[in-house]
Amino acid sequence: MIDAHIHLDQYTDIDEQINRWQEAGIIGVVAVSTDLRSSCRTLELKQRFPSFVYAAIGFHPEQPLPSEADWNEWTELVKQERPLLAAIGEVGLPYYSAEACAKLPAYQERLTEIAAIAADASLPLALHAVYDRAQTALAILQQTGVRHAHFHWLKAEPAVVKQIVQCGYYISITPEVCYRERDKQLLSLVPIEQLLLETDGPWPFAGPFAGKLTTPLWLLDSARAVAAHYGRDIEQVKTMITANTKRLYG
């Protein structure tokens, strides 16, 4: 399986971690970035683990907007390192940061610029856009002609989820699907052909995962929950979702 959204650059002992994940059947991770420094680190990891890391570079929207110098360097990085890139991300719109939300129009403008860059480079977007921000982000994607996108850890009204699905974009769930009703309800709105599995590691989880370091190995737990929901064989689910991830990011 492939972890469709993980902050690989935030892990320690990465060689040891990847060896353990691979031994357990994880064949890849979509490594997202949070700023310019993180983007450069992700590209380094891509070069070290070329067949395992799907590299995505971007600016996390819950953080301050990048400086002009960082923005200019990042846009050049997209051009220079395009052959190494699987996506632009993690990008989107702020919701949790009060400081960032106070400047929401500026974040919307920046996402519009990023979406245009992704469309021009024929790269998918890995999106952080939750609750009412999902509708705004969706409008920006449509406006800029983005054909491929992934709404990660989506939290949105059913009507918005249905619009995202109708546009052909992908939606992922986290290990919360193993213990949280909200995530199980989201599955009812997403065709398995547009579903991805992620951990957002090293972000921590509750339930059976409380107090443990987040790992792509938990994708197997998520796959069992998905299989039970759709009434499918777990091996079939693993095969389908891996194919979905490769179709978007491969």
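A: Pro-202 has its place in the loop between β8 (195–197) and α9 (219–230), in what is a predicted model. The peptide bond that leads from Gly-201 to Pro-202 is cis, with omega near 5 degrees. This deserves a second glance because most peptide bonds are trans, and most residues other than glycine have a negative phi. A cis bond also runs from Gly-89 to Glu-90, with omega near 10 degrees, and Glu-90 belongs to strand β4, which covers residues 85–92.

Asp-13 is not a glycine, yet it has a positive phi of about 50 degrees, and its position is the loop between β1 (2–6) and α1. With a relative accessible area of 52%, Asp-13 lies above the 50% cut-off and is therefore called exposed. Ser-122, also not a glycine, has a positive phi of about 55 degrees, and it is found in the loop between α5 (104–121) and β5 (125–128). Ser-122 is exposed as well, its relative accessible area being 59%.

Ala-24 lies between α1 (14–23) and β2 (28–31), and although 192 residues separate Ala-24 from Pro-216 in sequence, their C-alpha atoms are 9.5 Å apart. Leaving aside residues up to four places away in sequence, Ala-24 touches Leu-217 and Leu-220. With a relative accessible area of 37%, Ala-24 is partly exposed.

Stepping back to the chain as a whole, there are 10 helices and eight strands. Among contacts between residues at least 6 apart in sequence, 71% join residues at least 24 apart. Of the 250 residues, 54% count as buried, and the C-alpha atoms fill a box of roughly 50 × 40 × 30 Å along the principal axes. A compact globule with 250 residues would have a radius of gyration near 18 Å, and because the chain has 17 Å, the two values agree.

The chain exposes about 10800 Å², with carbon and sulfur atoms supplying 49% of it. There are 22 positive and 30 negative side chains, and the centres of these two sets lie 5 Å apart. Cys-167 is partly exposed at a relative accessible area of 31%, as is Cys-178 at 25%, while the count of disulfides, taken as pairs of cysteine sulfur atoms within 2.5 Å, comes to zero.

Technical notes. Residues are numbered from 1 along each chain as its sequence is written. This is a predicted model: local features need pLDDT of at least 70, side-chain atom pairs count only at pLDDT 80 or more; totals for chains, interfaces and linings use all residues. Side-chain values use heavy atoms; hydrogens and water are left out. Helices (H or I, at least four residues) and strands (E, at least two) are DSSP runs, numbered from the N terminus. The radius of gyration is taken over C-alpha atoms; the globule rule is 2.2 Å times the number of residues to the power 0.38. Buried means under 20% relative accessible area, exposed over 50%, partly exposed in between (1.4 Å probe, protein chains only). Contact means heavy atoms within 4.5 Å. Accessible areas come from the Shrake-Rupley method with a 1.4 Å probe; for residues, only the protein chains shown count as cover. Lys and Arg count as positive and Asp and Glu as negative; His and the chain ends are not counted. The place of a charge is taken as NZ of Lys, CZ of Arg, CG of Asp or CD of Glu.
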